[in-house]
Amino acid sequence: MLEFRNTDVHIGNVPILRGLNVKIAPSETVALIGRNGAGKTTTLRSVMGFTDVKGQILIGGEDITRMRASRRPGLGIGYAPEDRRLFSGFTVEENIRLPGEVAKLDPDTQAARLDKVYRVLPELREMADRPAGAVSGGQGKMVALGRALMLGTRLLMLDEPFQGLAPALAQRYGEALGRLREVDPEVTVIVTESNPALLKSFARRTLVIERGEIAEAEHQAA
Amino acid sequence: MNLSLILLAVFDGVSYAALVFMVAVGLTLIFGVLRILNVAHGSLYAIGAYLTASIGGAVVAAGYSPILAFPLMLIAAALVGVLLGAPIERLLLRRIYAKSEVLQLLVTFAVFMILEDVQRLVWGNQPYFESSALQLLGNIQVFGVYYTSYQLVLLPVVALLTLIGLRLFLRRTLTGKLITAVTEDREAARSIGIDADRVYLMTFVLGAALAGLGGALASPTTSVLPGIGAEMIVLSFAVVATAGLGRIEGAAVAALLIGLGRSAATYAMPELQVLVPYLIMLAVLLVRPEGLFGTPAARKI
Ligand SMILES: Nc1ncnc2c1ncn2[C@@H]1O[C@H](COP(=O)(O)OP(=O)(O)O)[C@@H](O)[C@H]1O
Ligand SMILES: [Mg+2]
């Protein structure tokens, strides 16, 4: 589904990632573990087209290295950035819908996707009409996941979603990811985290990123 | 001071505020999205005024109805937006988004200087005055004071409609939502597939057209001559800074404040007229450095 081939990533001439060679299959759930500053966010941003890339990045076999950033989500990529990064003036539901409107999905598809988001994240229904700027930090993470689900039918990239979540909320977030697996078994999910213990329960495969290089974790989660 | 003088000062202030708002709101909209303070915005205002006054004059001189001045204003605004705004964004600003703010300011200042010379080349140094649109609407009497309907009714109504229309546009239409989203968070917007380049272009064209419309609307009320662009951009900066960068409703309030302050000074202390807008700005920024409606951390529409 997602493949890095000899990928080097630069941010303004500064090399951040070196020689990535990683292949992630459809329907895999992958944990990308690394300390602060290891390059997790940069890895995800490179897939979105926000960085300079040497080498190749492929989605479903298609080389997207030179594809415009604005076209990539339309391939079925959903990205929930590190902080919630919601549009605070829009309501929760408007935030979730916007990617579908941008991609000009037909109304039926938009409705079906929205329905899917609410099945994965039922608690968002009650706050649908609240301004996104007014929801709590933890709820905001759920909204950001919902927004990413709108287009993320093939690849979902969640950047440190558990960061700063209270244990009860982290639990609910994990359960939502579990429901997503039932609703949408095909989607590839990449979750980054600095604390590997948090992702043990649902990631089958763990990649470790250190000083700009990614390696397979030696001990696979049971 | 008698009542009619006070009324005159208020009317002057309101009608001038309406014009300043038209220019300042485009400036603040562009800043919200592009994060660039566009000095050349003043030239776009001036060129809107020149286009309307010169073409309008020719149209009226050729014997056509002066009512044509109104559609002509809209055409002038559209021309400024499309023929000047679009190339400035695409060919110039697009190359400097990642550069330092000082460089960005210098580049837009350079564009301003170039456009000042272009104006002199095309329209020369002599003033243009074409007020048939203003005369067409006649005067109205308020508490015994006569004032032109154009300045006292049309200009404030257009400014108000612009404010409401812009708010509805940003809130309700897809294009408006894209602009709002990019204003708030460029990268989050790009990560849901918004083509930020296109949004920049649309915003700049819209902002430029508003400046052009401001100039077009101003042209019947004043002589159009070299230097009006410089005067307007400095005033607009004062309005935008007073309001808080990127604030649309704030720009309306600040324009009114500065317009009224300026005209009060004209009647009470004429020697301070030029200074008063900046004194107001200074007073506001000393108390609230982020502007009347700005938030310290995030600056947005
Ligand atoms: N915009 C940037 N400019 C310069 N360096 C950056 C930028 N973004 C990230 N970096 C550097 O890239 C490295 C990886 O950062 P990041 O991908 O954010 O790590 P992580 O998400 O794992 O904490 C860090 O050393 C960071 O300082
Ligand atoms: Mg990170």
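Residues are numbered from 1 along each chain as its sequence is written, and chains are lettered from A in the order in which they are written. In this predicted model local features need pLDDT of at least 70 and side-chain atom pairs count only at pLDDT 80 or more, whereas totals for chains, interfaces and linings use all residues, and side-chain values use heavy atoms, with hydrogens and water left out.

Biologist: How much area do chain A and chain B bury between them?
Modeller: Buried area here is the accessible area (1.4 Å probe) that two parts lose on being put together, summed over both. In terms of contact, meaning heavy atoms within 4.5 Å, 25 residues of chain A meet 19 residues of chain B. Carbon and sulfur atoms carry 55% of the area that the two chains bury, which comes to about 2000 Å².

Biologist: Which element gives the most to the side of chain A that touches chain B?
Modeller: Helices are DSSP runs (H or I, at least four residues) and strands likewise (E, at least two), numbered from the N terminus. Across this interface the rule finds six salt bridges, a salt bridge being a side-chain nitrogen of Lys or Arg within 4 Å of a carboxyl oxygen of Asp or Glu. The elements of chain A that give two or more residues to the side touching chain B are α1 (40-48), α2 and α4. With five residues, the one that gives the most is α2(A).

Biologist: Why does the salt bridge of B:Arg171 and A:Glu94 join two chains?
Modeller: The closest N and O atoms of B:Arg171 and A:Glu94 are 3.1 Å apart. B:Arg171 lies in helix α6 (residues 149-172) of chain B, and the pair joins two chains because A:Glu94 lies in helix α2 (residues 92-102) of chain A.

Biologist: Is A:Glu123, which meets A:Arg172 in a salt bridge, buried or exposed?
Modeller: The side chains of A:Arg172 and A:Glu123 come to 2.7 Å, N to O. A:Arg172 lies in helix α5 (residues 167-183) and A:Glu123 in the loop between α3 (107-120) and α4 (137-151) of chain A, so the pair ties together parts that are 49 residues apart in sequence. Buried means under 20% relative accessible area, exposed over 50% and partly exposed in between (1.4 Å probe, protein chains only), and A:Arg172 is partly exposed at 35%. At 17% relative accessibility, A:Glu123 counts as buried.

Biologist: Which residues have the most contacts inside the largest nonpolar core?
Modeller: A nonpolar core is a set of buried Ala, Val, Leu, Ile, Met, Phe, Trp, Tyr and Cys residues joined through side-chain atoms within 4.5 Å. The largest has 91 residues, and helix α1 (residues 3-34) of chain B gives the most to this core, with 16 residues. Not counting residues up to four places away in sequence, B:Ile194 touches residues including A:Leu98, A:Val102, B:Leu178 and B:Val199. Those with the most contacts inside the core are B:Leu34 and B:Ile194.

Biologist: Which residue takes a positive phi in the hairpin of β1(B) and β2(B)?
Modeller: Two strands pair if DSSP finds at least two bridges between them, and β1 (residues 139-142) and β2 (residues 145-148) of chain B pair in the antiparallel sense over four bridges. B:Val142 stands opposite B:Val145 in β2(B). The hairpin has two residues between the strands, and the residue with a positive phi, near 45°, is B:Phe143.
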